[in-house]
There are 2 protein chains.
Amino acid sequence: MLSPGHYQILTTLSRGGPCSRTDLARTLGVSKASISGLVRDLLNQNILCEQELVFGVGRPSVSLAVRADAASFIGVSLQQDPAVLVLTDLHGSVLARVEVPRAEDPDLCVESLVAAIDQLRAAGGASTERLSGVGVALPGFVSHDRHTCVASTALGWRNVDIGAALTERTGLPTWVENDANALILGEQLFGPLRGSPDFSMVFVSYGIGCAHIVNRRLLRGNAGGAGEISHAPIAIEGFGAAPCRCGNKGCLETVASLLAITNAARRAGLPEEIGPLAALAAKGQPDALALLHRAGSALGLATAQLIQMLDPSHVVVMLDPALHDSVFAHALRKEADSHILHREGPGTMVTFRDFAPENFASGAASLAARYFISGSDEL
Amino acid sequence: MLSPGHYQILTTLSRGGPCSRTDLARTLGVSKASISGLVRDLLNQNILCEQELVFGVGRPSVSLAVRADAASFIGVSLQQDPAVLVLTDLHGSVLARVEVPRAEDPDLCVESLVAAIDQLRAAGGASTERLSGVGVALPGFVSHDRHTCVASTALGWRNVDIGAALTERTGLPTWVENDANALILGEQLFGPLRGSPDFSMVFVSYGIGCAHIVNRRLLRGNAGGAGEISHAPIAIEGFGAAPCRCGNKGCLETVASLLAITNAARRAGLPEEIGPLAALAAKGQPDALALLHRAGSALGLATAQLIQMLDPSHVVVMLDPALHDSVFAHALRKEADSHILHREGPGTMVTFRDFAPENFASGAASLAARYFISGSDEL
DNA sequence: ACCATTTTTTTATGAAATGAACCATTTGCG
DNA sequence: CGCAAATGGTTCATTTCATAAAAAAATGGT
């Protein structure tokens, strides 16, 4: 239905925001005549709309923008229990939201997800008329075809073709992706860093997840295992090198994940929840301070390695709100800063953002939106 | 002169080796009719040639290959003193080779390079009729436009537009690139790993250089500083964290570079040349063994970090031949292997190769060849 | 009112890709 | 030996696509 030219226009608009026909022609290196025709098609199909006039010298240009209501998408996050599902529009805004318990058994899980999707469709009303796809984010490895979960320790799954199952039950095309990858792909399409060609995201949950955009593309690597930093060898002097479930010693995950932090807190007789622990550290309790400082420093060192290796323009670290302004965050920033090679020009910017399970769901929805916009899984 | 279609054919052939017209049509997703016409043009211009027939059922297919003598290129390596210049054909074979002292003063340097290039042209004879470009590899940072050396501590240069100078004096288009980048771009176009979408190269010289191909493209990063591992924080327990010229402590460069190794050897009263040092270690001299083991382990740890982060299919480590089968290499492999997360399927393959200054020169030549083949600096 | 300037549309022209038919050359089989 | 089946490559009329040039539209300044 849409030609490559149409997709190029949609991609350019969602990458750089609204612009005129002439801008599009310049950016894409084609004639204004071609753009004119393609834009007409997209206007007729209610995918684009003309926005306000931009006045300069001469005839004002009309801004073109992708219509938010041109399509809607469903995103499923199995990153935590409960699972979160959202219905989003083409700008990534959440139109409806549902939570369901995350079932371990694959069949039960699909069952409850299908029910939740029906709920979302009902809640969305007219906006689901052009519902065009489902995305799933899960903690684990996903096969090359973006259908099957090859392995997930968190879910206890091996070779579960959840993509095919959902497609069959909902009649909607479905894309499956690793949780960290879905998160960063959502950021690339919908987030504040949209359009940046090189950036990375790290999140601290029970484990530590990480993904990278390099040259505008997701870094997957040869076997799809690229970008992992949770098993980076963080053998800082003075840090004990605890054995990790991966068989090595001194992995980042054994120090900086929420699981590691709460385990260490329990052993030290400190509160096991991250909120109270951070509050205690804020009051100056020495053990809590040391624990969070150590964890933050470890993640900071890994971040420095990441920055040295990939030289991204931004690294976004998603943290529990309780940690946002804590010694954890400060130690992270300091350790990262002290281990990167400073050069001229603006270096990598490290920013913190609140961790919310919803982000994974809307990242998952963006997988389907991406296909709508670019006709493929690349932008 | 050549259209995008022509370049696509040349790129496909040099990426995947000789193939038939029908294969090209399948690979590129265009009709046989289009390929037929484009190939005819390239045959007429003596850029392609028809090779042997491949028999199967039905009419045999004729293999098409890029002619080695379709063009020739000059590569300049300023990676070491003396500078090495080579004349290569379109398959990367070295047709002639010249060395000249590497002058510090930019003007003098250009002067001697121009003279050496004339020598190469004379030595190349008829093969330089279609000489189509010059590439320069140098240790330092190169501006975004691939003309100017922004900074090089090894050469003592700041903002030297060596590209423009050579273009003016030789009349040939010139591309300038960082030494490690030139090396891996040469491997991508001419080497055994040609066509691999994800691989990395590391070389151990007075410093340590490193570059990566990700998704078939050179990893440059936001500020062009990606891929550097020489300042990776290698703070292995038991390894002293020596201060580095970058201001941090415990950088890889302070342990594993040839400069660091020979400095440490001098302090320990061991031979300062790498050959005798390696020989001593091979005989079992404890201090020499410890020194090389420590250096190899450090590089191995950095290699493990690299593999975890990028998940390449191959890592090629270029070493002085004396180190090739030494405790350095063994420690490197062991340390790398023990710090990567093993998963199903074939993991990253780490291979050693002899370090030769020529590789940088032919890598530099490949920059010009790349332009001939793809019409841009991407493959 | 009129001109300069810039954006957008229209239109006529040319280039490029295609599908379908056709020719070429081999293997396999009776 | 002869013929069908299969595959590779070419030719050519047709369609699609992109473009440049011209025209129209919309505004600011003089």
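This report describes a predicted model of two protein chains with two DNA strands, taking the chain symmetry, the DNA contacts and then some elements of chain A in turn.

**Relation of the two chains**

**Surroundings of the DNA strands**

DNA strand C is surrounded by 22 residues, of which K32(A), S36(A), R59(A), V62(A) and S31(B) are the closest. Among the atoms of DNA strand C that lie within 4 Å of the protein, 73% belong to sugar or phosphate, and the rest belong to bases.

Around DNA strand D there are 20 residues, and those that come nearest are S31(A), S36(B), G58(B), R59(B) and V62(B). Sugar and phosphate account for 60% of the atoms of DNA strand D that come within 4 Å of the protein.

| Protein residue and atom | DNA atom | Distance |
|---|---|---|
| R21(A), backbone N or O | phosphate oxygen, DNA strand C | 3.5 Å |
| R59(A), backbone N or O | base oxygen, DNA strand C | 2.8 Å |
| S31(B), backbone N or O | phosphate oxygen, DNA strand C | 2.8 Å |
| T22(B), side-chain N or O | phosphate oxygen, DNA strand D | 3.0 Å |
| R40(B), side-chain N or O | phosphate oxygen, DNA strand D | 3.3 Å |
| V62(B), polar backbone atom | phosphate oxygen, DNA strand D | 2.8 Å |

For DNA strand D, the elements that give two or more residues to the nearby surface are α3 of chain A together with α2 (21–28), α3 and β2 (61–66) of chain B. The largest share of that surface, four residues, comes from α3(B). For DNA strand C, the largest share of the nearby surface, again four residues, is contributed by α3(A).

**Helices α8 and α11 of chain A**

Helix α8 of chain A covers residues 258–267, and within this helix L258(A), A260(A), I261(A), T262(A), A264(A) and A265(A) are buried. The buried residues of α8(A) pack against β11 (199–204), α7 (253–256), α9 (274–282), α10 (286–310) and α11 of chain A. Just after α8(A), G269(A) takes a positive phi of about 70 degrees.

Helix α11 of chain A, one of the packing partners of α8(A), has 12 residues (327–338), which at 1.5 Å a residue should span 16 Å; the C-alpha atoms at its ends are 16 Å apart, in agreement with that expectation. The N-terminal end of α11(A) is capped by S326(A), a side-chain oxygen of which lies 3.1 Å from the backbone nitrogen of F328(A). F328(A) is itself one of the buried residues of α11(A), a set that also includes V327(A), A329(A), A331(A), L332(A), E335(A) and A336(A).

**A three-stranded sheet in chain A**

In chain A, three strands form an open sheet in the order β7-β8-β9, with antiparallel pairing. Strands β7 (141–142) and β9 (157–160) stand at the edges with a single partner strand each, so one side of each is left without a neighbour in the sheet. Two bridges join β7(A) to the antiparallel strand β8 (residues 149–152) of chain A, and F141(A) stands opposite A151(A) in β8(A).

Methods: Residues are numbered from 1 along each chain as its sequence is written. Chains are lettered from A and ligands numbered from 1 in the order in which they are written. This is a predicted model: local features need pLDDT of at least 70, side-chain atom pairs count only at pLDDT 80 or more; totals for chains, interfaces and linings use all residues. Side-chain values use heavy atoms; hydrogens and water are left out. The expected span of a helix is 1.5 Å times one less than its number of residues. Buried means under 20% relative accessible area, exposed over 50%, partly exposed in between (1.4 Å probe, protein chains only). A polar contact is a pair of N or O atoms within 3.5 Å; within protein, one must be able to donate a hydrogen and the other to accept it, and residues adjacent in sequence count only if both atoms are side-chain atoms. Two strands pair if DSSP finds at least two bridges between them. Copies are superposed by least squares on the C-alpha atoms of residues with pLDDT of at least 70 in both. A residue is near a molecule or strand if one of its heavy atoms lies within 4 Å of it. Contact means heavy atoms within 4.5 Å.
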